[in-house]
Amino acid sequence: MADRLRMHSAPPRALLSVRLVAGSATHWIGEALGVHWQTGLRQRHRQGAIGWWSGAPDQWWIDAPAEQGEALARALEAAMPPGEAMVTEVSDAWVTFHLSGTTGALRDFFERAGPVGAQVLNGDCLATRFGAFAVTLFEAEAGAADPPSPVRRIELRVERPLAKSFEQWLAGLGAVPGA
């Protein structure tokens, strides 16, 4: 069963949404977070325990340890130019799953679940739909202490009220055993 796919709930993390007025500067976000700010549509960036990505122009998602969420939201709100942005703490709105398997098992899953998901295996961070479910997904970075492995791990976020339905939908696809 080398190509078996596994999925489990991930520990809670803080998730912040930063929506900008079209064409607004973004450097202040990195300054408020204390990170070397990098931009790039559909690219996930990470420095230390903080990750960020943009799935659409003028919208950024900030991911951090759960205990840092409120402090980061306050720092972002204090740093944002007046009338240029809106910061929303949305941690409770999403559930994160870790999906792990070989490249072949993940490609099979993405073929069953949605037509664009396999792009995540090329390094993209995607906001897309699997069936009726809005999902955000990206490949999780291996830890420094993790040995090299053919198993890859994807972080997949789905709206919290739909998490159980999503798991049932996956089980119906036969894509994830025991989902």
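Colleague: Which residues lie nearest the centre of the second largest pocket, and how many residues line this pocket?

Modeller: First, the ground rules. This is a predicted model, in which local features need pLDDT of at least 70 and side-chain atom pairs count only at pLDDT 80 or more, while totals for chains, interfaces and linings use all residues. Residues are numbered from 1 along each chain as its sequence is written, and side-chain values use heavy atoms, with hydrogens and water left out.

The second largest pocket is lined by 13 residues, and Pro12, Arg13, Ser91, Trp94 and Arg160 lie nearest its centre. A pocket is found on a 1 Å grid over the protein atoms alone: it is an open set of points with protein on both sides within 12 Å along at least five of seven lines, and a lining residue has an atom within 4 Å of a point. Two elements give two or more residues each to this lining, namely β2 (13-20) and β7 (94-101). Strands are DSSP runs of E with at least two residues, helices are runs of H or I with at least four, and both are numbered from the N terminus. β7 gives the most, with three residues. The pocket holds about 160 Å³ of space; a volume is the space filled by probe spheres set on the grid points, which are joined across faces, edges and corners. By class, the lining divides into six nonpolar, three polar and four charged residues. Here Ala, Val, Leu, Ile, Met, Phe, Trp, Tyr, Cys and Pro count as nonpolar, Asp, Glu, Lys and Arg as charged, and the others, Gly among them, as polar.

Trp94 also lines the largest cavity, together with Leu15, Trp53, Trp61, Thr136 and Arg157. In a cavity, a 1.4 Å probe fits but cannot get out. The structure holds one cavity of 30 Å³ or more, and the space in the largest cavity is about 30 Å³. Its lining has four nonpolar residues, one polar and one charged.

Thr96 lies in β7 and is buried, because its relative accessible area is 12%. Buried means under 20%, exposed means over 50%, and partly exposed is in between, with a 1.4 Å probe and protein chains only. Leaving out residues up to four places away in sequence, Thr96 touches His8, Ser9, Ala10, Glu155, Leu156 and Arg157; a contact means heavy atoms within 4.5 Å. The side chains of Thr96 and Arg157 are also joined by a polar contact of 2.9 Å. That term means a pair of N or O atoms within 3.5 Å; within protein, one must be able to donate a hydrogen and the other to accept it, and residues adjacent in sequence count only if both atoms are side-chain atoms.

Ser17 belongs to β2. Ser17 is buried too, with a relative accessible area of 5%.

The buried residues of α4 in turn pack against several elements, including β7 and α3 (103-113).
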